[in-house]
Amino acid sequence: MKKIPFLVFICIAIYLAVPLLATALYAVSTSWNNTILPEGLTIKWLLQLFQDGDFLVAFMRSTVLSGGAGLLSILLVIPAICIIILYF
């Protein structure tokens, strides 16, 4: 009976991972036409992306905002959990 939930977990993980892996593979492909796999691999596009100043500013802003949201969440949730456990 325990194998069914684990199998469901594996299926959901594969279902969620395949689009991410396909996007990553597409990012490093030279061209991807009528085949199941790309015709060649290159990191030229990624190097070009990380040399763009606008992308770097947006990437840094996104990183700072997500890190700040995570830190704020930790600073608010952990004390709230401790208070709830201790006093309620």
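This report describes the fold, the surface and selected residues of one predicted protein chain.

## Basis of the model

The structure is a predicted model in which local features need pLDDT of at least 70 and side-chain atom pairs count only at pLDDT 80 or more, while totals for chains, interfaces and linings use all residues. Residues are numbered from 1 along each chain as its sequence is written, and side-chain values use heavy atoms, with hydrogens and water left out.

## Overall architecture

The chain contains three helices and zero strands. Read from the N terminus, its elements follow the order α-α-α. The radius of gyration is 21 Å, well over the 12 Å that the globule rule gives for 88 residues, so the chain is more spread out than a compact globule. Here the radius of gyration is taken over C-alpha atoms, and the globule rule is 2.2 Å times the number of residues to the power 0.38. Helices (H or I, at least four residues) and strands (E, at least two) are DSSP runs, numbered from the N terminus.

Along the principal axes, the C-alpha atoms fill a box of roughly 60 × 50 × 15 Å. A contact means heavy atoms within 4.5 Å. Among contacts between residues at least 6 apart in sequence, 0% join residues at least 24 apart.

## Surface and burial

Of the 88 residues in the chain, 3% are buried. Buried means under 20% relative accessible area, exposed means over 50%, and partly exposed lies in between (1.4 Å probe, protein chains only). The accessible surface comes to about 8000 Å², and carbon and sulfur atoms account for 78% of it. These areas come from the Shrake-Rupley method with a 1.4 Å probe; for residues, only the protein chains shown count as cover.

## Helix α1

Helix α1 covers residues 3-27. At 1.5 Å a residue, its 25 residues should span 36 Å, and its end C-alpha atoms are 36 Å apart, which agrees. The expected span is 1.5 Å times one less than the number of residues. The helix has a kink of about 30 degrees at A17, shortly before the proline P19. Such a bend is the angle between axes fitted to the seven residues ending at a position and the seven starting there.

Two isoleucines lie in this helix: I12 and I14. I12 is partly exposed at 47% relative accessibility, whereas I14 counts as exposed at 51%. The C-alpha atoms of I12 and M60, 48 residues apart along the chain, are separated by 31 Å. I14 and P79 are 65 residues apart in sequence, and their C-alpha atoms are 35 Å apart in space.

## Surroundings of L25

L25 also belongs to helix α1. With a relative accessible area of 27%, L25 is partly exposed. Leaving aside residues up to four places away in sequence, L25 touches W32, L37, P38 and L41. L25 and L37 are 12 residues apart in sequence, with a C-alpha to C-alpha distance of 8.7 Å.

## Cysteines

A disulfide is a covalent bond between the sulfur atoms of two cysteines. The structure holds zero disulfides, where a disulfide is counted as a pair of cysteine sulfur atoms within 2.5 Å. C11 is partly exposed, with a relative accessible area of 46%, and C82 is partly exposed at 41%.
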